[in-house]
Amino acid sequence: MKLEAKRIKRHMVRTYEFWQMNLRILVIAEDQKKVLEDFEDKLPASDSGYLAFAYLDNELRIAFLGTSDDETDEYEFFDTKEIFTIPASAVPTLLVRLVKLNAELAENAFIQQAIQEQANKALPMSTLTIRALDSSRDPEIPTRLRAFRIEDEKKIQELIELDAMRQAALEEAEEKAAAAAKKAKKAKKRNREELEEAAEAAEDEIEEVYEDESLMLEINIADELAKSLETLWVYDLTPANNGAWRANLEANLKGSKLKANDLVHIELRFVEREDDEIALVFVDPEAEVEDIKIEVSSHVATRLPWRKAYELECLENHDFHETYYLGRNGEDSKLFNKIVADIRHGRLDPAMYLDMVQKEDVSLDFSRELYRCRHCGDLHVTRRLRLVTPESTMSEPYYCPKCGERSSQVKRVHIASLNCPVCHRPLDMKPEKVWYASDEEDDSILLEE
Ligand SMILES: [Zn+2]
Ligand SMILES: [Zn+2]
């Protein structure tokens with residue numbers, strides 16, 4: 001079998017973040033076997049390289065699923081039930097190519113099981129998508145977070161304000177340094193003789209800016225908080241109702257009845273940085289732990305998406321002929337019930353669970369739409385799912401079943417100008433027809449005359 005993968009460069013395992021590697025295929029070239037020497041006796045034999053799979057199971061692990069050739073992208077799964085796995089931290093210098101899962105690869109039993117296990121933990125998995133929390137995570141176990149016990153609210157406020165001031169001062173200093181560097185550059189153009197003098201002056205200016213030690217980047221707000229507040233560890237942070245969060249305690253909490261593994265109320269405070277933000281995790285042992293109920297309704301659209309069938313054919317080379325049934329048949333309770341089942345079984349995009357649990361008045365807008373892969377050009381019909389709350393809307397990301405890369409929706413007005421995904425010649429579109437779903441139990445679709 002052949003990977004339909006985007007050609008990307010090889011990188012060391014340690015240079016990837018856990019979320020870049022989770023549920024990804026790793027292509028390991030033959031020349032990397034030397035890095036795997038320690039595991040030689042346990043690794044199945046391969047004449048070429050390995051096809052491996054990275055997944056999060058407390059720590060990030062690598063499973064060796066088969067052989068692969070890094071040049072031709074040919075791969076084959078081992079036909080054994082026993083799969084050999086190692087922690088990713090055991091091979092930080094291993095060079096790998098990351099490949100996204102597609103429908104064919106995802107049929108592998110081991111991959112199925114890993115996906116299922118993560119789906120069973122959909123709520124704790126959802127908070128792994130919050131990048132602002134990454135600096136609070138245990139580097140080995142991403143679900144384990146450093147938290148602070150809320151004791152002295154005034155102290156916390158003070159430190160957060162101090163941090164904001166430091167950030168602002170740092171930004172100003174950087175602007176000054178950039179302006180000085182620009183000045184030096186200008187001087188260089190103007191007069192070669194003045195060059196040295198100007199450069200020196202600029203350097204002095206830059207040095208002066210950085211002399212202020214309070215601007216040192218190394219001062220970290222989390223470290224500052226740790227000096228004055230009790231630090232503790234929590235795991236499996238989960239969104240909860242009413243915009244709250246909750247997590248499990250790692251150890252018994254001193255001076256309270258709370259024990260290891262107990263649920264506690266968590267407060268996240270987001271602190272703005274220059275080009276990102278960090279989230280600080282606070283445990284409030286007194287506060288009530290909120291529920292994690294999900295209630296969604298079907299979105300009442302002001303105008304339903306057109307229920308139309310589009311028949312496309314490649315008249316030039318006769319290598320493509322498909323009919324796409326797009327839109328939705330009124331309420332379409334069949335499709336809505338499928339979506340509800342997917343929510344219950346953890347099969348939605350993890351980030352969507354955050355809003356679904358935390359916000360009120362959540363409704364789901366859905367219809368069948370046509371998508372085109374940005375990488376391989378494959379055309380496919382997928383349900384388009386949008387989560388609507390009074391303040392915001394959020395769409396599920398779509399991935400190509402063939403190569404796993406992102407797909408984009410083809411707007412209805414652009415369907416007539418699509419090219420053949422096989423030979424890339426313009427496609428012919430037949431006159432649009434209206435369809436309706438049959439009342440039978442199956443999913444058959446009928447065309448209106
Ligand atoms: Zn594709
Ligand atoms: Zn064609």
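Predicted model: local features only at pLDDT ≥ 70, side-chain atom pairs only at ≥ 80, totals over all residues.
Domain bounds, as used here, come from an automatic or database domain assignment.

Residues are numbered from 1 along each chain as its sequence is written, and chains are lettered from A and ligands numbered from 1 in the order in which they are written.

Domain 1 gives 6 residues to the contact and domain 3 gives 8 residues, where two residues are in contact if their C-beta atoms, placed from the backbone, lie within 7 Å. The side of domain 1 that touches domain 3 consists of 3 nonpolar, 2 polar and 1 charged residues. In this classification Ala, Val, Leu, Ile, Met, Phe, Trp, Tyr, Cys and Pro are nonpolar, Asp, Glu, Lys and Arg are charged, and the others, Gly among them, are polar.

**Nonpolar cores**

A nonpolar core is a set of buried Ala, Val, Leu, Ile, Met, Phe, Trp, Tyr and Cys residues joined through C-beta atoms within 7 Å. A residue is buried if 20 or more other C-beta atoms lie within 10 Å of its own, exposed if 12 or fewer, and partly exposed in between, with C-beta atoms placed from the backbone. The largest core has 31 residues, and Leu26, Ala52, Phe53 and Ala54 touch the most other members. At least two residues of this core come from each of strands S2 (24–28), S3 (49–57), S4 (59–68) and S7 (95–99); strands are DSSP runs of E, at least two residues, and helices are runs of H or I, at least four, numbered from the N terminus. S3 has the largest share of this core, 7 residues. Domain 1 and domain 3 each supply at least three residues of this core. Not counting residues up to four places away in sequence, Leu26 touches Ala52, Phe53, Ala54, Ile62, Val96 and Leu98. Another core, of 30 residues, lies apart from it and includes Leu128, Ala247, Val264 and Val283.

**Asn419**

Asn419 is in the loop between strand S19 (407–409) and strand S20 (428–429). It is partly exposed because it has 15 C-beta neighbours inside 10 Å. Its C-alpha atom is 9.7 Å from that of Glu313, 106 residues apart along the chain.
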